[in-house]
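Thanks for coming. I will take one protein today and go through it part by part. Please have the structure open on your screen.

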Amino acid sequence: MRTDELGKQIEAARSRYYRLLLIVGPFHSGKTQILLQLVQDAGCPYINLSLVLSQKLLEYPHRIRTLRLPRIVEAIIDDTVGDTVLLDNIEILFDPALQQDPLRLLQYISRTRNIVAAWSGKFEGRTL
């Protein structure tokens with residue numbers, strides 16, 4: 001996908017309830033390169049979510065991380081400037097110990113801002 005096509009998708013997302021765009025592909029398929037190109041082209045903030053979130057979670061005891069995680073992710077997003085935020089390396093959201101539904105969490109944080117997230121995997125039919 002080219003960044004100009006992604007830019008059109010981002011514009012279209014502004015009118016949706018969930019302003020979430022997923023770039024889906026297997027590991028090493030170029031998702032990060034697409035996001036980094038969008039940083040250069042549009043100046044969107046880029047967040048390595050696994051890195052930033054793991055640092056923030058260290059501040060909390062294990063037993064309350066699951067409960068705090070949605071608010072922590074929301075605070076990370078709120079600390080950025082701009083209407084569109086690019087999330088990469090979201091694999092931490094899939095950690096069974098955190099007991100999260102990654103898609104639902106991304107939808108939740110995309111209600112007020114465009115979120116473009118790199119999702120490792122594949123999309124077949126209507127199954128992610």
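This is a predicted model: local features need pLDDT of at least 70, side-chain atom pairs count only at pLDDT 80 or more; totals for chains, interfaces and linings use all residues.

The mean pLDDT of the protein is 92, and 99% of the residues reach 70 or more. Where is confidence lowest, and where is it highest? The lowest mean, 85, belongs to helix 1, residues 3-13. The highest, 97, belongs to strand 2, residues 46-48.

Next, the largest pocket. The space in it comes to about 160 Å³. Two elements give two or more residues each to its lining: helix 2, residues 31-42, and strand 4, residues 114-120. Helix 2 gives the most, with three residues. If you want to find the pocket on your screen, look for its lining residues, among them Phe27, His28, Lys31, Asp88, Glu91 and Ser120. What classes of residue make up the lining? Seven are polar, three are charged and two are nonpolar.

Now helix 3, which runs over residues 49-57. Its buried residues include Leu49, Ser50, Leu53 and Leu57. Why do we say these residues are on the same side of helix 3? Because they cover an arc of only 90° around the axis. As for what covers the buried residues of helix 3, the list includes strand 2, helix 4 and strand 3.

Helix 5, residues 102-109, can be read in the same way. Here Pro102, Leu105, Leu106 and Ile109 are buried. They cover an arc of only 100° around the axis, so they lie on the same side of helix 5. The cover over the buried residues of helix 5 includes strand 1 (20-25), helix 4, strand 3 (84-88) and strand 4.

Is threonine 66 buried or exposed? Threonine 66 counts as buried, because its relative accessibility is 17% and the cut-off for buried is under 20%. Which residues does threonine 66 touch, leaving aside its neighbours within four places in sequence? Threonine 66 is in contact with Ala97, Leu98, Gln99 and Gln100.

That is the end of the tour. Thank you.

Conventions. Residues are numbered from 1 along each chain as its sequence is written. Side-chain values use heavy atoms; hydrogens and water are left out. pLDDT is the predictor's confidence in each residue, from 0 to 100. Helices (H or I, at least four residues) and strands (E, at least two) are DSSP runs, numbered from the N terminus. On a 1 Å grid over the protein atoms alone, a cavity is a set of points where a 1.4 Å probe fits but cannot get out, and a pocket is an open set with protein on both sides within 12 Å along at least five of seven lines; lining residues have an atom within 4 Å of a point. Grid points are joined across faces, edges and corners, and a volume is the space filled by probe spheres set on the points. Ala, Val, Leu, Ile, Met, Phe, Trp, Tyr, Cys and Pro count as nonpolar, Asp, Glu, Lys and Arg as charged, and the others, Gly among them, as polar. Buried means under 20% relative accessible area, exposed over 50%, partly exposed in between (1.4 Å probe, protein chains only). Contact means heavy atoms within 4.5 Å. The arc is that of the directions from the helix axis to the C-beta atoms.
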